[in-house]
Amino acid sequence: MVIVMRFQFSKTLVALGLLTAVGIPAWAQIDLSGSWAARNHEDSEDKFAGPSPVDYTGLPINEAARARALSYSSSQLSEPERVCLFYPPYYLMMGPFGMKMWNETDPLTGTTIAWKIGGWEDRAPTTIWMDDRPHPSKNAPHERSGFTTGVWEGNILTAYTTHIKAGYIRRNGAPGSDEATVTAHYLRHGDLLTVTMLVEDPIYLTEPLYRTRTFQLEAAPIAAMGPPCIPGDEGIKKSVVPHYLPSKNPFVNELTEQLHIPMEAVMGGAETMYPDFRKKIKDKYTPIEKCVHDCGGPGAGPGGRGGNGP
Amino acid sequence: MAAIAGMLAASAQVQGQSRGPGRGGPPPNPRAAATVDLTGYWISVVTKDWRYRMITPPKGDYQSVPMTMASKKVADAWDPAKDVAAGEQCKSYGAAGIMRIPERLHLTWQDDNTLKMDIDAGTQTRLFHFGDWKSTGGEATWQGDSVAQWDSQGPPGGPPGGRGGGGGSSSGSLTAKTTHMKAGYLRKNGVPYSENAILTEYYDVVRERSGDLWLIVTSEVQDPLYLREPFILSTQFKKQADGSGWDPTPCSATW
């Protein structure tokens with residue numbers, strides 16, 4: 001025990017030395033624990049009903065990602081091996097749910113070993129290791145929650161996730177690979193917690209995908225654990241993988257026909273994220289006269305489509 | 001460990017302007033006391049609410065906004081031609097809405113107590129006043145009066161209009177409270193905010209592993225007339241090396 005404690009003490013000294021060397025106070029940390037409720041005041045369609053089957057606007061995807069996304073049929077989610085694909089770690093930014101956070105402490109020193117983010121509705125819980133442990137070998141198994149380490153940068157908790165399973169960066173089949181990594185920052189301002197996530201994916205993205213989302217602390221408890229994602233048979237024949245062959249996706253023109261959004265925007269790509277893209281489509285877009293469905297407003301359902309949801 | 005060391009070193013650079021008051025001397029002015037460097041050029045990176053930001057949404061599309069019935073009544077009557085005729089084509093470029101417009105920001109110090117944000121979209125300027133600045137009153141303006149302060153370790157009393165006592169705030173951040181705004185739009189398609197709206201914003205800068213700097217703006221609009229609950233958003237901007245692409249454009253009521 002003495003040896004273990006000395007080892008931990010020396011680790012602490014090293015850490016303190018490192019922090020001092022770069023001028024960051026080791027005590028500059030804040031409490032992130034609590035039930036953080038969703039405030040779905042943006043992207044509520046994506047978070048609740050789901051986006052249009054073909055809508056890659058604002059996604060920095062490459063040709064491979066686009067081709068794979070266009071081959072996607074939502075019936076794939078009925079296949080046991082794909083039931084859980086919607087829930088990589090960055091689903092926290094895509095889904096409608098709030099999150100419960102807490103810290104786990106060393107029983108001897110009281111120091112925080114890890115921050116935990118509870119799971120919800122199939123989203124696997126996340127552990128942010130704070131004890132300087134290394135990331136596993138690149139050949140280690142990939143899990144739905146990935147492997148995450150964290151460090152305080154002043155009052156900002158920065159976390160880095162590797163070893164995630166392949167999934168989707170949008171709930172319409174825009175893919176993310178198992179080589180993706182995620183850098184997250186947790187920024188607390190009183191009862192607001194803004195989380196940023198930068199997704200890097202050498203397989204499917206030409207540049208990082210950056211998302212932010214803000215939660216609000218509430219007294220009402222959020223469950224620390226949702227039901228696990230359990231693969232199940234939903235009736236798809238084992239020999240069938242629902243898909244669309246190239247140029248056969250029937251939803252390709254949906255956004256253009258329904259909302260007049262130019263096809264070059266619908267197909268996504270990094271340029272669709274930047275202001276200058278507006279110049280490119282300005283003369284190609286005329287809004288429809290009036291919104292006719294899924295329009296939100298007072299009295300709309302959870303998430304606002306005007307409210308908050310869970 | 002190497003990765004963590006890199007992150008820490010990067011963080012130190014993010015907080016590069018941080019300096020506290022010297023012993024025995026007067027406290028530094030707000031410019032010198034800045035806990036994070038917000039100056040420079042920043043560009044919107046639109047990965048959320050694309051249909052409501054990159055293009056003008058159709059009339060009547062109010063998804064995600066916690067509107068009141070009074071708000072819907074106003075928005076249903078949205079007529080951009082009338083706005084233009086009334087000289088109010090900048091209604092979607094007011095402080096409560098402008099950070100959602102795809103744009104570039106240029107932040108500089110106007111003087112030691114005033115941080116200036118020039119915005120190319122709509123050719124607007126926001127001023128963040130530090131210290132004991134007082135509004136001169138007069139007519140409300142699109143950008144209103146913004147009172148700002150640096151947050152470093154979570155002020156127990158809270159910033160002006162901010163969220164005190166709730167666990168503090170990120171080191172190296174700016175909190176701003178904006179009032180006295182001329183009534184405008186939260187979205188281009190006429191979702192309104194009133195002259196009594198209060199905008200509270202938190203500005204953070206984070207550095208990614210690549211070295212890229214990102215400005216994260218967390219905002220909350222309170223407006224009981226038009227919002228059932230505070231309208232809470234976060235919006236990201238990426239740091240640019242220079243002013244390339246800076247493109248001042250006039251306000252548009254339709255685009």
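I looked up burial in chain B: 54% of its 255 residues count as buried. A residue is buried if 20 or more other C-beta atoms, placed from the backbone, lie within 10 Å of its own. The model is predicted: local features need pLDDT of at least 70, side-chain atom pairs count only at pLDDT 80 or more, and totals for chains, interfaces and linings use all residues. Residues are numbered from 1 along each chain as its sequence is written, while chains are lettered from A and ligands numbered from 1 in the order in which they are written.

I then checked the secondary structure of chain B and found 5 helices and 11 strands. Both are DSSP runs numbered from the N terminus, helices being H or I with at least four residues and strands E with at least two. For contacts in chain B with a separation of 6 or more, residues 24 or more positions apart account for 62%. A contact needs C-beta atoms, placed from the backbone, within 7 Å.

I turned to chain A. Its 310 residues are 45% buried. I noted 7 helices and 11 strands there. Of its contacts with a separation of 6 or more, 63% are between residues 24 or more positions apart.

Next I traced the barrel in chain A. It is closed, has 9 strands with mixed pairing, and runs S1-S2-S3-S4-S5-S6-S9-S10-S11. The twist averages 30 degrees from one strand to the next. Strands pair if DSSP finds at least two bridges between them.

I picked one pair to follow. S5 (residues 147–153) and S6 (residues 156–162) of chain A run antiparallel, joined by 7 bridges. A:Thr149 has A:Tyr160 in S6(A) as its bridge partner.

Notes: Buried ≥ 20, exposed ≤ 12 C-beta atoms within 10 Å, placed from the backbone. Contact = placed C-beta atoms within 7 Å. Axes fitted to C-alpha atoms, helices over the stretch in contact; angles between N-to-C directions.
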